[in-house]
Amino acid sequence: QVQLMESGGGLVQAGGSLRLSCAVSGSAVSIVVMGWYRQGPGKQRDLVASISSGGFTNYADSVKGRFTISRDNAKNGVHLQMNNLKPEDTAVYYCQAVLYVSGSRNNYWGQGTQVTVSS
């Protein structure tokens with residue numbers, strides 16, 4: 001069974017840094033694209049950053065220049081380095097992946113990890 005295993009997150013002061021990681025568990029998996037979404041209190045879930053199998057990256061305007069997404073091919077996953085964090089970055093962050101599993105293309109979500117930035 002394919003799962004997305006998230007790690008990282010926590011509480012940090014404004015201006016600080018955090019690193020989120022997400023790894024795909026399961027065999028016979030081909031990654032199409034992986035990324036991170038976030039959902040703040042009372043808000044919808046929005047894309048933060050994504051990276052395709054070809055290395056193409058996409059970022060929300062609000063995080064450009066502060067966040068960096070990268071692939072971890074050894075662990076079949078991605079990292080999200082978050083620098084110069086702001087209180088408005090506070091949210092639950094979800095790893096998302098579009099994967100080919102046994103010839104079928106499907107969308108997967110992690111369980112979410114809380115990021116809290118204090119002012």
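What follows is a working chat about a predicted model.

Trainee: Before I dig in, which ground rules apply here?
Mentor: It's a predicted model, so to speak of local features we need pLDDT of at least 70, side-chain atom pairs count only at pLDDT 80 or more, and totals for chains, interfaces and linings use all residues. Residues are numbered from 1 along each chain as its sequence is written, and side-chain values use heavy atoms, with hydrogens and water left out.

Trainee: What is Leu 80 in contact with, leaving aside neighbours within four places in sequence?
Mentor: Its partners include Leu 18, Leu 20, Trp 36, Val 48, Phe 67, Ile 69 and Tyr 93. Contact means heavy atoms within 4.5 Å.

Trainee: Switching topic: how many disulfides does a search of the whole structure find?
Mentor: One. Cys 22 and Cys 95 form it, with sulfur atoms 2.0 Å apart; the cut-off for the cysteine sulfur pair is within 2.5 Å.

Trainee: Where do those two sit, and how far apart in the chain?
Mentor: Cys 22 is in strand E3 and Cys 95 in strand E9, 73 residues apart. Both Cys 22 and Cys 95 are buried.

Trainee: Why is the disulfide called left-handed?
Mentor: Because the torsion about the S-S bond of Cys 22 and Cys 95 is about -85°.

Trainee: OK, rings. How many aromatic pairs turn up in the whole structure?
Mentor: One. The ring centres of Tyr 37 and Trp 109 are 5.0 Å apart and the planes sit at 65°, so the pair is edge-to-face. Rings of Phe, Tyr and Trp (its six-membered ring) pair if their centres lie within 6.5 Å; planes under 30 degrees apart count as stacked, over 60 as edge-to-face and the rest as tilted.

Trainee: Which ring faces does Arg 45 lie over?
Mentor: Arg 45 lies over Tyr 94, at 3.6 Å from the ring centre, and over Trp 109, at 4.7 Å. The test is NZ of Lys or CZ of Arg within 6 Å of the ring centre and within 35 degrees of the ring normal.

Technical notes: Helix = DSSP H or I, 4+ residues; strand = E, 2+ residues; numbered from the N terminus. Buried < 20%, exposed > 50% of the residue type's maximum accessible area, 1.4 Å probe, protein only.
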